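Please look through the sequence and the model below. A short report on the fold follows.

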Amino acid sequence: MLQREAGRLARFQFIGLGQTDEALATADLDGVLRVFRADTLAWLPDFPTIFGGVSGLVALSGAPASLVAVVCAFGRGAIAAYDCATGALRWQRDGLPPISHVDPLADGEIAASFEHGPMHIIDARTGTTRSTIRGARGIRSGRHPSLAVADFDGTYSVVTVKPWARQWRIPIDGFAILSA
């Protein structure tokens, strides 16, 4: 399957997985978003992003039947979300600090990390910031988490989910998120 799709996969610059690993999205500098659904082993139709020739970091949120792709403009403070089934723009936000990366979270949320300022926990369906985490630069969580692990400039700490609050301030050497 992947060998057959090698030409399509060779074009991407950025790749993002959904929280459930049932889909992946690719974006590249031509401004086109591509989504592959693992449950159907098929690519959804490609669609252009509003960023034209400058796509960037990408994350997927939601169940396979209702996927939302979040794309950040590379080197700019702009972020937009698309309905993966139709390619329709759901929301966009401009005027943000430059975005360093986005991470998918459970419950239809994504985390946007910036070059400066707090991480934003954003509702992927509406674009509304639900919470912020000061000092966090990246975050990883399981499918149905009550805890997540956040990167605070190289020191990893455990964070509770809802409310998003840093709990253990002791650095940890490594972690794994397991699901059954």
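Gly117 takes a positive phi near 95 degrees in the hairpin of strand 11 and strand 12. Four residues lie between the two strands of that hairpin. The model is predicted, and the values here are computed from it.

**Strand 12 and its partners**

Strand 11 covers residues 109–114 and pairs with strand 12 in the antiparallel sense. Four bridges hold that pairing. Across it, Ile110 stands opposite Ile122 of strand 12.

Strand 12 also pairs with strand 13, residues 129–133. This pairing is antiparallel too, and four bridges join the strands. Here Ile122 stands opposite Thr129 in strand 13.

| Hairpin | Residues between the strands | Turn glycine | Phi |
|---|---|---|---|
| Strand 11 and strand 12 | four residues | Gly117 | positive, near 95 degrees |

Why does strand 12 count as largely enclosed by the rest of the structure? Five of the five residues in strand 12, residues 119–123, are buried, so the strand is largely enclosed. Both of its faces are covered. Met119, Ile121 and Asp123 are buried on one side. His120 and Ile122 are buried on the other.

Ser113 belongs to strand 11. Ser113 is buried, with a relative accessible area of 0%. Which residues does Ser113 touch, not counting those up to four places away in sequence? They are Ile99, Ser100, His101, Met119, Arg137 and Gly138. One of these contacts, Met119, is among the buried residues of strand 12.

**The sheet 6-7-8-9**

Four strands form an open sheet in the order 6-7-8-9, with antiparallel pairing. Strand 6 (58–61) and strand 9 (89–93) stand at the edges. Each has a single partner strand, so one side of each is left without a neighbour in the sheet. The twist averages 15 degrees from one strand to the next.

Inside this sheet, strand 7 (residues 68–72) and strand 8 run antiparallel and are joined by five bridges. Val68 has Asp83 of strand 8 as its bridge partner.

**The sheet 14-15-16-17**

A further open sheet has four strands in the order 14-15-16-17, and its pairing is antiparallel. Its edge strands are strand 14 (138–141) and strand 17 (165–168), each pairing on one side only. Neighbouring strands are turned by 40 degrees against each other on average, direction ignored.

Strand 16 (residues 155–160) and strand 17 run antiparallel, with three bridges between them. Val158 stands opposite Trp168 of strand 17.

**Aromatic pairs and cysteines**

How many aromatic pairs does a search of the whole structure find? The search finds two. Phe47 and Tyr82 form a tilted pair, with 5.6 Å centre to centre and 50 degrees between the planes. Phe47 lies in strand 5 (residues 47–48) and Tyr82 in strand 8 (residues 79–83), so the pair ties together parts that are 35 residues apart in sequence.

The disulfide count comes to zero. A disulfide is a covalent bond between the sulfur atoms of two cysteines. Cys72 counts as buried at 0% relative accessibility. Cys84 counts as buried at 2%.

**The chain as a whole**

The protein chain has one helix and 17 strands. Of its 180 residues, 47% count as buried. The accessible surface of the chain comes to about 9,000 Å². Carbon and sulfur atoms hold 55% of that surface. Among contacts with a separation of 6 or more, residues 24 or more positions apart account for 34%.

Definitions and conventions:
Residues numbered from 1 in each chain as written. Predicted model: local features only at pLDDT ≥ 70, side-chain atom pairs only at ≥ 80, totals over all residues. Heavy atoms only, no water. Pairing = 2+ DSSP bridges. Axes fitted to C-alpha atoms, helices over the stretch in contact; angles between N-to-C directions. Buried < 20%, exposed > 50% of the residue type's maximum accessible area, 1.4 Å probe, protein only. Contact = heavy atoms within 4.5 Å. Areas by Shrake-Rupley, 256 points an atom, 1.4 Å probe, with all protein chains shown as cover. Phe/Tyr/Trp six-rings, centres within 6.5 Å; stacked < 30°, edge-to-face > 60°. Disulfide = S-S within 2.5 Å.
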